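Hi,

Here is the structure I said I would pass on. Have a look at it, then read my notes below.

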Amino acid sequence: MRFGFCQVISLCACMTVMSADHLFRYDSAADFSKWKQASGKLAPLTPADRFASGSKHSFCFKSPKWEKGMPEWPSCEAKPLIADWSGYDRILVDITNPNPGNFSLSMFASDSKIPFRQAFYANMRIGGCMAKRFIFPLDTIPKTVDRKDMSIVHLFTQRPEGDMELYVGNIMLLKSGEKTPPVPASYVKEVAALSEQAIVEARKLADEQIAKLEEISDHPQLKQRLANAKRSITMTITNLKKQLERDDLTMEDLDALFGKLEEMPALLRRKPAMFAFHKAALGAGLDTEKMLVGTASSMVKVLPRDVEFEADATKSVEMSLARNEWESFQVLVSPTTDDLSNVTVSAVDVVNDKGVKLEGVEVDTVGYVKTTKRPPYKVSYVGWWPDPILKGCGPIAIKSGDVQSFWIRLRAGKTQPAGLYRGKIVVKADGAKPIELALAVKVRDFNVPINTALPTAISTNYRPQMSVKEPWETMRFKYADFLADYQIDFDHLYRQGPPDWDVVQHLHKQGRLTAFNLGNVFNGGVSEDGFEQKMKACIDRIRPSYEKAKELGLLEYAYIYGFDERGDDQFPILERCAKALRDAFPGVILMTTSYDHSFGADTVVKTIDAWCPLTPRFDIAKAEKARKAGKYVWWYICCGPHNPHTNWFVEYAAIESRLLMGAQTAKFRPDGFLYYATTIWNQNKGIDPAEGPFTSWNPVSWTTYHGDGSLFHCDKDGNPLPSIRLENYRDGMEDYAYACILEEAITIVSAKPQKTNAETKWLADAKKALEVPEELVVDMAHYSRDPKVLRAWRDGMADAVEASGLKDLNPWGKGVFGVRGWRK
């Protein structure tokens, strides 16, 4: 599951000789005549005298703001000067955006036979008033594309949000080991000039933020903080201006400057956020002499420094959860002025009026990972992001200006008595008065399942890529149990060998087995040459696993996955393969992410059981049609989609994981969820608690993405550690379980031949509570990131379940497969 990816680097280089491997030249009108408009209302493709980094001129991609009724994909295309790309390993593109506003320019490239949408793809996103050099590896070109016959480069954008004017200064190929070319000094000077307006805008924003701070600084502590903020802001702007005025400015310097300018709005808004936190703590009557203490939802990421944040300052916290459910919140601690040392947070005496303790109360430290480069998707900040949740980390020190989060995790056991439980959270630090927050936890009178409410097929690389103290023979069960706690399979979509039968039986005995793959088939597609022999070898490889599953009575949990993201050129052979697998392995679900967006209705592929489109391509009407034909329609994410669609990259809002698995699933009802990897850890060696919360864990996972294919972490001994994204994944699953339980209650009451007035009223209220409101989710790209809106929907469902009077509702029967999944 791959899109193109890029590495954004500075335009400064050490090479002294310009490479001649240009895919296009921009020296004459004849060079521009090669480009043809493919769609949209692009301005005439003529030479531009601005921002030329590799030729005499640059190429201007100019399109008006998209309006309804206009073509959605403004584009142009040309035949490259070089057809044989086999001797190159990278492609370089220089882009300049001289105007405010962020824009994306994407590229397809293909040979003379394969449709370009099924070939090489790259996306280039650039902020306002800046230049970037993008470098993409060519190993993402599909094997079906002939790299010696590259015949088209297609540039496009989608629905420009403003008048778009990007200058393409260079497109060229690089050989292995070849250094990037330098750019003319005139180009550096042109690009430097773009920063001047950004400096002006930064100063204007700084003045606005200082004015806001002056309005709320009505306390001696706040007035002192205001004086410090003014000095800090003035120094930052002054330093940026001095850098811009240097005579020896290079593109490398400008690249760093552009990054700072992009982050400037967030940095400036941090000041009012900290003031608001301080003022709210004062208003709540909390002691603020040495430290500020507040809370935050588990659905938000509170960045420790540099960026604005939201915090609630209150003397009490209220939570609710069902039996078997986990719910969390965050406690935030920040020094009032000086650094804090030996900071601890603890939970005390969370009991009901009969002295019964809440089964699970855990306090962990939120850790941080540092991004160092901008990924291929839009982010607001490069730096420290909250993600790992650390055990055994503390007491800790907190620097002045930082905000440290602590993760409070609550769980009600299977037999936990319903009702109200009370306790307190205590925050301590050297030289500071302890601060106590009252904690009230409402345990609901129903159970959520210990297994996933939604069928899933999720791939986890089995063995941590590091030396561990504990033998993998025992460690694998620790990983399986950890993943099951978070409702994730200990499985592998790309397995060539047999499942780990010891782990499969271990999870089944616990009642937490979700699904397992018998084996992957032709993941990258297959050719007609020797197909019969290849198919026989594939069947022979999977046969022992199939027989073992039958022997263990676990065939209903088995599936076979293959033809990962294949295009329609593979459909005929996909159908032949599916028929052979159906004959060889009756009773096993066959699933693919191949690009049949009719889900089998309009193509030759009729034997596949489960179709799995990317979330933006999920179509409710087409899914219903497929289900009537006996098919399942799941959905998946990977390195796409990007915002505004939900995903769980490190920089994306925490609530997106929860919405995807909960409210969006409840609203659109896919039959299951697929994800390709959870442990792309690359060279990470595990987090050492002695490092403190600012860890050395590198968040880069697949290619240049942060968190794609990496959903949790591990410590230095290989023990798994959760992430904020993983916690929200599970919370979303539990939200979806609420919906399934309420739906079951509605079904039971609706089936009664005679209903009381109270039952009739309950039915109307329950159906309204079950519906995912548009205030929360409109569609996959439009939704609320406000935790209060999500909790209102969730609490409404819980109230309706309890009001039904029905006990022990279990819509899943033997397992999750009785409702939506492998078995209808």
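Predicted model: local features only at pLDDT ≥ 70, side-chain atom pairs only at ≥ 80, totals over all residues.

What follows is a short tour of some ring pairs, a helix contact and one proline.

Residues are numbered from 1 along each chain as its sequence is written, and side-chain values use heavy atoms, with hydrogens and water left out.

Let's start with the rings. A pair of aromatic rings is described by the distance of the centres and the angle of the planes. Rings of Phe, Tyr and Trp (its six-membered ring) pair if their centres lie within 6.5 Å; planes under 30 degrees apart are stacked, over 60 edge-to-face, and the rest tilted. Searching the whole structure turns up 39 aromatic pairs. In one of them, F108 and Y121 have ring centres 5.4 Å apart and planes at 50°, so the pair is tilted. This pair links distant parts of the chain, with F108 in strand β7 (residues 103-111) and Y121 in strand β8 (residues 120-126), 13 residues apart. (Helices, H or I of at least four residues, and strands, E of at least two, are DSSP runs numbered from the N terminus.)

Are these two buried or exposed? Buried means under 20% relative accessible area, exposed over 50%, and partly exposed in between (1.4 Å probe, protein chains only). F108 is buried at 10%, whereas Y121 is partly exposed at 22%.

There is also an aromatic cluster made up of W472, Y479, F482, Y486, W681, W697 and F712. Y486 has the charged end of R730 over its ring, 3.9 Å from the centre (the rule: NZ of Lys or CZ of Arg within 6 Å of the ring centre and within 35 degrees of the ring normal).

Next, the helices. Which residues of α7 meet α8? They are F531, E532, M535, I539, R543 and Y546, and their partners in α8 are I573, R576, C577, A580, L581 and A584 (contact means heavy atoms within 4.5 Å). F531 is buried, at 3% relative accessibility.

Finally, find P388 in strand β17 (residues 384-390). P388 is buried, with a relative accessible area of 0%. Leaving out residues up to four places away in sequence, P388 touches several others, including Y368, I687, H713 and P722. P375 is 13 residues from P388 along the chain, and their C-alpha atoms are separated by 19 Å.

Cheers
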